[in-house]
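Thank you all for coming. I would like to take a few minutes to walk you through one structure, beginning with the chain as a whole and then turning to a sheet and a pocket.

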Amino acid sequence: MTTRARRRLGTGLTAARGGAWRAALLAALGAVGLQAGAASAQEVVDLPAEDRLLSPDLEPVYRIGSAMTQAAWAEFSSIPSLWFDAEGNLHLMDQTEPLSGRTRIVVVDAAGGLVTEFGRSGDGPGEFRAPREMYVWADGSTLVQDIMHRGYHLFAPGGEFEYMLGVEMGSDMRPERASGRTLLGGRWDASTGEERRAILRFDLASDEVSEHVLAEAWAPRELEIRDHEADDPEDMGLRAVWGFEPGLLFDVLPSGGVAFSDSSAYEIKLTDPSGAVPRILRRPIRPLPVTESVRREERERRLERLRTPRMSGNRSPDAMVAMNFLMQGQIRAVENMRFHPEVPVLAAVRTTWDGTLWIQRNAEPGVEEPAPIDVLTPDGRYVGTLAPDVLPMPDAFGPGGLVAFVETDEFDVPVITVRRLPPEIR
């Protein structure tokens with residue numbers, strides 16, 4: 001019983017006289033019950049267990065890129081990030097070499113023609129040193145994370161630089177579509193000595209960024225963070241490695257809420273703009289157990305990836321020594337990695353501009369091919385399942401059913417294909 005409820009109950013008892021005290025008590029308890037019921041009202045929707053396969057026809061819109069392109073601006077090197085704005089313009093981050101080469105932002109209109117391109121290397125505000133990620137709002141404003149600047153460059157629609165944000169925000173950020181310059185991001189917080197995982201809303205309306213928690217997420221374990229002042233210098237402050245840890249998967253909804261998954265189960269929580277969770281969508285697909293053979297094979301796969309030779313580029317000998325030192329620490333961490341008891345069912349939670357949910361499941365451990373995608377409506381209707389050979393997860397969703405896919409041609413040069421989804425799955 002809440003403090004407010006107790007206070008109301010006491011008032012009713014004090015005011016009651018003679019035989020009326022029973023009526024006052026019942027009325028007060030009834031009011032408390034109504035309040036508790038309203039606060040906890042939550043719809044759990046159990047979706048079908050069997051897949052219903054979909055075979056949608058996507059309308060081709062345009063295709064740009066490849067080594068054979070005739071337009072110089074469409075000669076792409078690497079596309080780590082791309083987003084649509086509300087006009088259907090596609091914004092591409094193109095890098096000649098991740099974190100060290102030239103980076104530019106290319107904006108393409110709804111017909112595949114060049115609108116503008118901007119961005120240059122340098123040490124000043126609005127100039128890129130080591131850009132890693134890009135985010136685009138509905139109006140075309142662009143935010144570029146730059147890890148060497150330890151902040152973010154914010155550009156107005158059209159590419160004019162506005163200001164820098166020297167802040168640390170969350171991970172796996174998502175621009176909100178229905179509001180101004182706000183971002184949603186996940187964050188671990190161990191500053192209080194206890195693990196806390198949440199989805200935060202960041203307001204970037206000015207260079208003074210404000211934030212608040214939109215939704216609290218389930219935390220599967222205590223954070224294992226090694227102190228940078230560890231007695232063993234070989235630890236190098238590396239975080240302990242966990243296998244099959246449930247991710248905090250989420251995307252924005254047109255309403256201003258989010259759809260998110262925070263456990264190993266097939267369970268999608270839908271929030272309203274305040275962060276309350278009025279609906280949960282579930283499918284009876286159980287997580288796979290993590291057996292000893294699964295642990296051994298996962299550890300071997302990770303070690304193989306770490307030991308595979310990588311391109312050295314133009315890095316200095318000192319940089320190569322530092323990278324090798326870091327790699328050895330990562331190898332030790334994997335050799336001593338710990339595991340969660342189950343393989344999470346879900347791999348990705350995405351939403352279209354119309355609010356339809358695209359939920360990608362995890363493949364079995366060791367399987368490199370992507371798993372199927374379930375298409376759900378936010379009101380709890382199962383539309384069907386897309387087999388990976390029918391339609392992969394788009395790299396970007398846009399208005400009017402637009403979707404973009406990044407592929408490579410026979411010369412390993414990026415090619416961007418834009419298509420339009422049929423109404424039933426957009």
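Before I give a figure for the surface, let me say that accessible areas here come from the Shrake-Rupley method with a 1.4 Å probe. On that basis the accessible surface of the protein comes to about 22,100 Å², and 50% of that surface belongs to carbon and sulfur atoms. Please keep in mind throughout that what you are looking at is a predicted model.

The protein has 426 residues, of which 46% are buried, and its secondary structure comes to four helices and 29 strands. If we take the contacts between residues at least 6 apart in sequence, 52% of them join residues at least 24 apart.

Going across from strand 2, we find six bridges joining it to strand 29, and one of the pairs to look for is E59 with its bridge partner R420 in strand 29. Strand 29, which covers residues 414-420, is mostly covered, with five of its seven residues buried. Seven bridges then join strand 28 to strand 29, where V406 stands opposite I416 of strand 29. These two strands form a hairpin with five residues between them, and in the turn D412 has a positive phi of about 65°.

Which residues lie nearest its centre? Among the 37 residues that line the pocket, those are E245, P246, G247, L248 and L249. The lining draws at least two residues from each of several elements, namely strand 11 (171-175), strand 12 (182-189), strand 16 (249-252), helix 3 (292-307) and strand 23 (346-351).

Key: Residues are numbered from 1 along each chain as its sequence is written. This is a predicted model: local features need pLDDT of at least 70, side-chain atom pairs count only at pLDDT 80 or more; totals for chains, interfaces and linings use all residues. Side-chain values use heavy atoms; hydrogens and water are left out. On a 1 Å grid over the protein atoms alone, a cavity is a set of points where a 1.4 Å probe fits but cannot get out, and a pocket is an open set with protein on both sides within 12 Å along at least five of seven lines; lining residues have an atom within 4 Å of a point. Buried means under 20% relative accessible area, exposed over 50%, partly exposed in between (1.4 Å probe, protein chains only). Two strands pair if DSSP finds at least two bridges between them. Contact means heavy atoms within 4.5 Å.
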